Amino acid sequence: MSTATTDDHQDDHHESPYSIKRWLFTTNHKDIGTLYLWFSFIMFLIGGVMALVIRTELFQPGLQFVDPQFFNSMTTMHAIMMIFGVVMPAFTGLANWLIPMMVGATDMALPRMNNWSFWILPFAFLMMLSTLFMDGGGPAGGWTLYPPLTLQTGDALPFVILSMHFMGLSSIMGAINVIATILNMRAPGMTLMKMPLFVWTWLITAYLLIAVMPVLAGGITMLLTDKFFGTSFFNAAGGGDPVMFQHIFWFFGHPEVYILILPSFGVVSSIIPTFARKPLFGYASMVYATGSIAFLSFIVWAHHMFTVGMPLAGELFFMFATMLIAVPTGVKVFNWIATMWRGAMTFETPMLFALGFIVMFTIGGFSGLMLALAPVDFQYHDTYFVVAHFHYVLVPGSIFAIIASVYYWLPKWCGNMYSEGMGKAHFWLSTIFVNLTFFPMHFVGLAGMPRRIPDYALQFSDYNMIATIGAFGFGLSQLLFLYIVIKAIRGGEKATSQVWDHAEGLEWTLASPAPYHSFVTPPVVK
């Protein structure tokens, strides 16, 4: 490690734990991981409020609370906040905290770039949120930013696009850091096939990020030049093609959804063996399955576009390629269940969230398989069935995995135990309300309710009412989570060395220098 980096760590330890300077300039991977996780939670609350605006308007048919333009801004920004502001930063925070400790490194490979890649994010999202106060309101073309609709956005468009460039820049820097750390800084004897699965899933995710973020950057830059510089990439009147934007966007967007879920697989693969008290079943097959999913994610993008009028051969190819992804995903689910089979299972909070993840992620997987069937997708496309599908993958999928990881590693992070009773209450409230919110959407979607609309036919009102009640319940349940985490950080029963008694136990926390608030005294290096 360079002298500069060592000095940085010494500086970190001389700063007061509460000084702003310490958090602004820190290069300690644990501090940066903490910053990412808190940022992610703040964005979770903001994005959640946007979702509640959407659900409040949809509580009854008719236009009640917000005008349609603002409703469209909420649907657009809710998605961008949740994807780029919640799930990706949370997983990057977990990567920062855990990867150096899991591979036996002293820190991330590029600590100063690590600091920078975090501090770009608050400014990017402040810029995004500021568009709500501009003439014409925030972006209102859906999170997919399809032209020509997006090109009618007012003053907000250039700010939205610049903020998305910043988010992409942050992601790419984080990914480079992860790859450099994993490939160059593993402890002697830790071969690739001995790494914890969380490290493997992040290594593969990092390559996906580097491959697809520039594609999004290219697509939105072409949107920008269409709007302000007279080009006609997507303008049919000038010889362009709006469908080309869909190809560019989804070539980014499909690997992106796997970027959002692969680290979840790593988290669940760490938690289930612990509480089943058995090693993970089929480690090598899990690694190969993750690689297969990542590869296949690049050749299925047009399943989002079955209705644009593609040739039959194209429909068949994308249909079969999409169905093929179910195979490695099924391997993963099988291996998790085989790990639990005849294990000595206990049901602490992290395990409950991991089990909730498996059950509800599988529901999302099955509805995804339905959407993969081209002739059937003509009926489902752009209905609430699609909304139900991807929320089952991303909320009880990605979000539950993130919550599970916080409960699982929190005692190692802050040295105190959380309240197990309140953790379980949080799990059951979240599970009941998440199903109350999204399960009815399958029914209204199959009955033909289109997505992204502020008003709807009377026949859909009962299910929409149930979904809105569920959404408010789920949102309020997360305030309990906030309380549990703050209470554990501020004190409580001390965590012992058996948390959680497991092959990846506390001993690996000693590899990297601890920040002030960590309960592990860093070993003195002679």
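Predicted model: local features only at pLDDT ≥ 70, side-chain atom pairs only at ≥ 80, totals over all residues.
1. Overall fold. The chain contains 15 helices and zero strands. Its C-alpha trace spans about 70 × 55 × 45 Å along the principal axes. The radius of gyration is 23 Å, which agrees with the value near 24 Å that a compact globule of 526 residues would have.

2. Burial and contact order. Of the 526 residues in the chain, 57% are buried. Among contacts with a separation of 6 or more, 81% join residues 24 or more positions apart.

3. H4 against H8. Helix H4 (residues 68–103) packs on helix H8 (residues 242–276) at an angle of about 45 degrees, and the two axes are 11 Å apart. H4 is therefore oblique to H8, and the crossing is left-handed. On the H4 side the contact is made by Ile 83, Phe 84, Val 87, Met 88, Phe 91, Leu 94 and Met 102; H8 contributes Phe 252, Glu 256, Ile 259, Leu 260, Pro 263, Ser 264, Val 267 and Ser 270. By class these are twelve nonpolar, two polar and one charged residues.

4. H4 against H13. H4 also meets helix H13 (residues 384–414), where the axes come within 11 Å and cross at roughly 35 degrees. This crossing of H4 and H13 is left-handed. H4 supplies His 78, Val 86, Val 87, Ala 90, Phe 91, Leu 94, Trp 97, Leu 98 and Met 102, and H13 supplies His 391, Ser 398, Ile 399, Ile 402, Ser 405, Trp 409 and Trp 413. The contact has twelve nonpolar, four polar and no charged residues. Val 87, Phe 91, Leu 94 and Met 102 of H4 take part both in the contact with H8 and in the contact with H13.

5. H8 against H11. H8 packs on helix H11 (residues 349–372) with the axes 9 Å apart and an angle of about 130 degrees, which means that H8 is oblique to H11. The crossing of H8 and H11 is left-handed. The H8 residues are Ile 261, Ser 264, Phe 265, Val 268, Ile 271, Ile 272, Phe 275 and Ala 276, facing Pro 350, Met 351, Ala 354, Phe 357, Ile 358 and Phe 361 of H11. They divide into 13 nonpolar, one polar and no charged.

6. Backbone points to check. Most residues other than glycine have a negative phi, and most peptide bonds are trans. The bond from Pro 147 to Pro 148 is cis, with omega near 0 degrees; Pro 148 sits in the loop between helix H5 (111–130) and helix H6 (156–184). Arg 277, not a glycine, has a positive phi of about 55 degrees. Arg 277 belongs to the loop between H8 and helix H9 (283–296) and is partly exposed, at 48% relative accessible area. Asp 382 has a positive phi near 60 degrees. Asp 382 is placed in the loop between helix H12 (374–380) and H13 and is partly exposed, with a relative accessible area of 34%.

7. Ala 495. This residue lies in the segment after helix H15 (461–490). Is Ala 495 buried or exposed? Its relative accessibility is 14%, so Ala 495 counts as buried, the cut-off being under 20%. Leaving aside residues up to four places away in sequence, Ala 495 touches Pro 411, Gly 415, Asn 416 and Met 417.

Conventions. Residues numbered from 1 in each chain as written. Heavy atoms only, no water. Axes fitted to C-alpha atoms, helices over the stretch in contact; angles between N-to-C directions. Helix = DSSP H or I, 4+ residues; strand = E, 2+ residues; numbered from the N terminus. Parallel < 35°, antiparallel > 145°, perpendicular 65-115°, else oblique. Left-handed = near helix turned anticlockwise from the far one by under 90°. Contact = heavy atoms within 4.5 Å. Nonpolar A, V, L, I, M, F, W, Y, C, P; charged D, E, K, R; others polar. Rg over C-alpha atoms; globule rule 2.2 N^0.38 Å. Buried < 20%, exposed > 50% of the residue type's maximum accessible area, 1.4 Å probe, protein only.
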